[in-house]
Number of protein chains: 2
Amino acid sequence: MTARQVIISIDAMGGDDAPNSVINGSAIAMMRYPNLKVKLFGDKSQLENLCAEKLSKYQDRYEIEHSDDVVAPDEKPSVALRKGRASSMRHAIDSVKNGDADAVVSAGNTGALMAMSKYVLKTLPDIHRPAIASMLPTKRGDCVMLDLGANVSCNEDHLCQFAFMGSALAKTILGFNNPRVALLNVGEEEVKGNYEVQQAYQRLNSLEVPFDFIGFVEGNDIASGNVDVVVADGFSGNVALKTAEGTADLIAYYLSQAMKSSFLTRLGYALMRSSMKTLADRLNPQLYNGALFLGMGNVVVKSHGGANEQGIANALGVAYDAVWFGFNDLVITELHKMPIAASLPAEADI
Amino acid sequence: MTARQVIISIDAMGGDDAPNSVINGSAIAMMRYPNLKVKLFGDKSQLENLCAEKLSKYQDRYEIEHSDDVVAPDEKPSVALRKGRASSMRHAIDSVKNGDADAVVSAGNTGALMAMSKYVLKTLPDIHRPAIASMLPTKRGDCVMLDLGANVSCNEDHLCQFAFMGSALAKTILGFNNPRVALLNVGEEEVKGNYEVQQAYQRLNSLEVPFDFIGFVEGNDIASGNVDVVVADGFSGNVALKTAEGTADLIAYYLSQAMKSSFLTRLGYALMRSSMKTLADRLNPQLYNGALFLGMGNVVVKSHGGANEQGIANALGVAYDAVWFGFNDLVITELHKMPIAASLPAEADI
């Protein structure tokens, strides 16, 4: 066992229940990952009191860095970039740039986190646009899906880069050797879809790719377990993610109504409680909290604003794994297999 | 009570289990709708035997029309259009054109049905592109969603027309007086989304529309019951529909595993069986079978290829209601409230 450490900076003031959820989530993550250290950025006096109470077991594994300011959840990214230099989010990002931490996690304003990360940390060499990726549950383990909303319109170059980056994520965090990668489309036949997905299909089919390119999949394949990496533009990817959430919510609502409908169903439910809890756990969005900004120069993880301490701990876990298993190094290595230069004229054609 | 009849032509050879599912589904629909007559198009000898057995109660309410040919499920739409003139699908569409029927239903090849319908029946005046719409379950009744895949890219003119047509569908088939109509987007704020949805938002906001335009919704709002008509381009609309199906399928799978996990859960399930059946019924895709091609000169309904007799009966019900409640007339009346001419220069700008 190596004594290597992973240091993660966290915006302690971002999220609906910050800083409580962040401190409690950090405690859970430090219990899970003995090699994890956290740097907490935010209001020093507030954090010192909370940490003294909640992190007393981990005194040598956390540091508090004071920040005067906080990025508001509804702040425009451009404004946050200009005026948020003293914010906890910006300080956390700066600490990664300065080499004081390996990764940054925030449950704050998504657009601001993306804009500041791009400005401070830059993108990896040859990356056109960073994408947002997350793990989702399927019938057989998890899959990776991207882009979840960073780029509302994408050309085929972007989609191809997303395929490479998503594959690298599935290899490092999910441990797949040869992930099955597909483009999200409205049909599986080669002739289906818009110009961008058709061009990306042709390109990926003609390249020697470091993954198993299986072509097109449809929305109902995302959770099927038949694909490990689902690549989409940020518009349809976001629509798919949110629709899946809404459908799960609808079914939970129907289920809760069914449970309450009579004495016998309530009795039946009581007998089934433990396995229903297992079901609820498998669909718990907190379990899947932590979206990576792929293509950034360093590991940046966005937590859902409504994440509780379990959610924060999982987001820290995603950042930890991405650092520990060398996600960014793999992206750099594997993107060399994609002839970017050759693709640039095609981009200009659009 | 009027003696008015609704005559629906149905492609008896289209669908995985045709013609059985079609004949049995017709029987169910004729039981439900005393004013319904059906014209069945397909292989005459095969249909005569089946109908003699299954439709004996409705001898004066069905007719069989012979067609030599069938459109294959994987036939290219352009080929079906050129070579399918003797097909059951084409004959069923032609019968509507000739005034022998009020609507057409098919569970066959979607692209071929769209291409043939456009060619034979034409679109309504000023309609740029027909859209595919369906009803979906929500926490409070049903909503209408469109486009589900007819148009993989749409400009703001198309999206605005979809809003008008979807509203007319919600008024006629779902009985809403003032449906809440929204554009599907990746966020609710005005600045979110791509160029097309932003332009459509501005346009609908500035017009006096015959519905309650509530702005943008996200994927998780589709099933929330807070919106009656969800408008999307055909790419993201199709992705949302299929993702919802896949998520429901995933949860059903988890649920079936949870049910089987121990003797107590099996006993609990036995006690809950009737309410679990109610739950399954509410999510049964057959219940929502029947997608309308909006903007066609006549009522055209596409059934899922895998529809069973219940599904076919529901698709016939959608066509019946669209005719009975004057859906196309309402579209024509209300589209006059949208200044199409003024919108054409904007289209050329893209």
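Me: By the rule, how many salt bridges are there over all chains?

Reply: This is a predicted model, in which local features need pLDDT of at least 70, side-chain atom pairs count only at pLDDT 80 or more, and totals for chains, interfaces and linings use all residues; side-chain values use heavy atoms, with hydrogens and water left out. Residues are numbered from 1 along each chain as its sequence is written, and chains are lettered from A and ligands numbered from 1 in the order in which they are written. A salt bridge is a side-chain nitrogen of Lys or Arg within 4 Å of a carboxyl oxygen of Asp or Glu. Over all chains the count is 20.

Me: Which residue of chain B does the side chain of A:Lys139 meet in a salt bridge?

Reply: Side chains of opposite charge can pair when their charged atoms come close. A:Lys139 is in the loop between strand 5 and strand 6 of chain A, and its partner is in helix 8 (residues 234-259) of chain B; helices (H or I, at least four residues) and strands (E, at least two) are DSSP runs, numbered from the N terminus. The N to O distance is 2.8 Å, and the partner is B:Asp249.

Me: How many salt bridges cross the interface of chain B and chain A?

Reply: The contact (heavy atoms within 4.5 Å) takes 50 residues from chain B and 50 residues from chain A. Across this interface the rule finds four.

Me: What area is buried between chain B and chain A?

Reply: Buried area is the accessible area (1.4 Å probe) that two parts lose on being put together, summed over both. Carbon and sulfur atoms give 74% of the area, which is about 4,600 Å².

Me: Which residues of chain B lose the most area to chain A?

Reply: Three residues together make up 15% of what the chain B side buries. They are B:Lys139, B:Phe235 and B:Tyr254.

Me: At what angle do the axes of helix 1 and helix 2 of chain B cross?

Reply: B:Asn20, B:Ile23, B:Asn24 and B:Ala27 in helix 1 meet B:Leu47, B:Leu50, B:Cys51 and B:Lys54 in helix 2. Axes are lines fitted to C-alpha atoms, for helices over the stretch in contact, with angles from 0 to 180 degrees between N-to-C directions. The two axes come within 10 Å, and the crossing angle is roughly 35°.

Me: What average pLDDT does chain A have?

Reply: pLDDT is the predictor's confidence in each residue, from 0 to 100. In chain A, 96% of the residues score at least 70, and the average is 91.
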